[in-house]
Amino acid sequence: GATIGILGGGQLGRMLSVAASRLGFMTHVFEPGAAPPAGQVAHRVTTAGYDDTAALAAFAGSVDVITYEFENIPTAALDTLEAHRPIRPGREALRVSQDRLTEKRFLRDLGLATAPYAAVDDAEGLHAALDEIGTPAILKTRRFGYDGKGQARITSRDDAAAALDDMAGAPAILEGFVAFSHEVSVIAARGSDGQVACFDPGENVHEGGILRTTAVPARLAGSQRMDAVLLAGRILNALDYVGVMGVELFVTPKGLIVNEIAPRVHNSGHWTQNGCAVDQFEQHIRAVTGWPLGDGTRHSDVVMENLIGADMDRVPELAREPRAALHLYGKAEVKPGRKMGHVNRIVQDG
Ligand code: ATP
Ligand code: MG
Ligand code: MG
């Protein structure tokens, strides 16, 4: 059968590998770190850095299509890989989403609402941005942030210097604080034929910047649900996207505001594993291999809870819980803030 190359060996790469196996594909994971979670289930693993051109070329030559579980792949590595095999989702989605500033401009150009924002490179720039945007605000590094890392809240001007120190000299973006009532996300898919299908929006609760739970269905009026799905479709079409994308939204009285997009399967889509006939991982594999998209209709209400760090101590009791599906990532070392697994609780029959 065909082989799918996956850049990144974390839990997302692992669950992509499992889904690919179920459809009869082989997987080859490329990961710089030792003993990656995806390595336990992939058919083949290459342990090498993204600066190792020979290893990248050999990896690309061994697969039929290349996909990824994270968006921060260096551009030079992408050039090497793309010389050999197609990368799906494509380069444009990566270019746009690797930098929060580029992403915000892209969303605004599409006519979508975002938080007010301004680029910040130094203290002077931060003061100008605060004049424009006001407080409260959030300063974020433009690149490489995840799980709320590389962010600093600015409640008043007195916080400005400390927030800038937190950026450690990296280019940043100041965002006005959005007074949202709650957060939702749309996990959207686009096939190689241009067909778009969205999973039901999920409602997300974050704790300390890390996703804690996703519940479906989200609290949304019918018109908001329609808006959420339509705007996700617009983003995918604009990027000529092939694969699954996570679109994070703030719900406000004035409408939906796009927080950020992730050009990959997304933590807030893990509920689909136990709420739909075809989950986000299979949907992504289908899209990048040119299969038709599958049926992502929600058949059950689900609450997904992330198991973070010491939450792993609860596994013995979770294993006995009715209507609870455990998904563990096989990570040997428990660390505070580290995503170790998740549990999908089926709330009722849909
Ligand atoms: P992820 O792990 O989802 O990639 P991230 O590190 O990229 O997270 P964001 O999604 O930008 O971070 O922010 C994390 C959380 O912080 C958001 O889900 C939201 O709760 C809060 N937040 C971020 N930006 C804003 C904003 N402009 N206004 C209000 N809350 C915000
Ligand atoms: Mg993010
Ligand atoms: Mg986010």
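**A guided chat**

Guide: Let us start with Ala168, which sits in the loop between α7 and β8 (172–176); helices (H or I, at least four residues) and strands (E, at least two) are DSSP runs, numbered from the N terminus. Please keep in mind that this is a predicted model, in which local features need pLDDT of at least 70 and side-chain atom pairs count only at pLDDT 80 or more, while totals for chains, interfaces and linings use all residues. Residues are numbered from 1 along each chain as its sequence is written, and chains are lettered from A and ligands numbered from 1 in the order in which they are written.

Visitor: Okay, is Ala168 buried or exposed?

Guide: Ala168 is exposed, because 9 other C-beta atoms lie within 10 Å. The cut-offs are that a residue is buried with 20 or more other C-beta atoms within 10 Å of its own, exposed with 12 or fewer, and partly exposed in between, the C-beta atoms being placed from the backbone.

Visitor: And what is phi of Ala168?

Guide: Phi is near 50° there, a positive value in a residue other than glycine. As background, most residues other than glycine have a negative phi, and most peptide bonds are trans. Asp240, in the loop between α8 and β13 (243–252), also has a positive phi, near 50°, and Asp240 is exposed, with 12 other C-beta atoms within 10 Å.

Visitor: You brought up peptide bonds. Where is a cis one?

Guide: The bond from Arg88 to Pro89 is cis, with omega near -5°, and Pro89 lies in the loop between α3 (75–82) and α4 (91–97). The bond from Val216 to Pro217 is cis too, with omega near 0°, and Pro217 belongs to the loop between β12 (210–216) and α8 (222–238).

Visitor: Stepping back, what domains does the chain have?

Guide: The assignment gives domain 1 (3–87), domain 2 (116–176) and domain 3 (182–349), with bounds that come from an automatic or database domain assignment. The centres of domain 1 and domain 3, taken over C-alpha atoms, are 22 Å apart, and their contact takes 19 residues from domain 1 and 15 residues from domain 3. Two residues are in contact if their C-beta atoms, placed from the backbone, lie within 7 Å.

Visitor: Which elements of domain 1 give two or more residues to that side?

Guide: They are α1 (11–22) and β4 (65–68), and α1 gives the most, with 8 residues. The residues on this side of domain 1 divide into 12 nonpolar, 3 polar and 4 charged, where Ala, Val, Leu, Ile, Met, Phe, Trp, Tyr, Cys and Pro count as nonpolar, Asp, Glu, Lys and Arg as charged, and the others, Gly among them, as polar.

Visitor: What about the inside, how many residues are in the largest nonpolar core?

Guide: That core has 64 residues, and those with the most contacts inside it include Leu16, Val186 and Met245; a nonpolar core is a set of buried Ala, Val, Leu, Ile, Met, Phe, Trp, Tyr and Cys residues joined through C-beta atoms within 7 Å. It draws at least three residues from each of domain 1 (3–87) and domain 3 (182–349). Apart from this core lies another, of 18 residues, among them Leu126, Ala129, Ala160 and Met167.

Visitor: What does Leu16 touch?

Guide: Leaving aside neighbours within four places in sequence, Leu16 is in contact with Ile6, Glu69, Val265, Phe281, His284 and Ile285.

Visitor: Changing topic, which residues come nearest to ligand 1?

Guide: Ala115, Gly145, Asp147, Glu175 and Val178 come nearest, out of 16 residues around ligand 1, and a residue is near a molecule if its C-beta atom, placed from the backbone, lies within 6 Å of it. This shell divides into 5 nonpolar, 5 polar and 6 charged residues, and it draws at least three residues from each of domain 2 (116–176) and domain 3 (182–349).

Visitor: What does UniProt list for residues 104–289?

Guide: The unreviewed UniProt entry lists them as "domain: ATP-grasp"; UniProt positions are given in the numbering used here, feature names are shortened, and annotations may be inferred rather than shown by experiment. Over residues 104–289 the chain is 29% helix and 33% strand, and the end C-alpha atoms are 30 Å apart.
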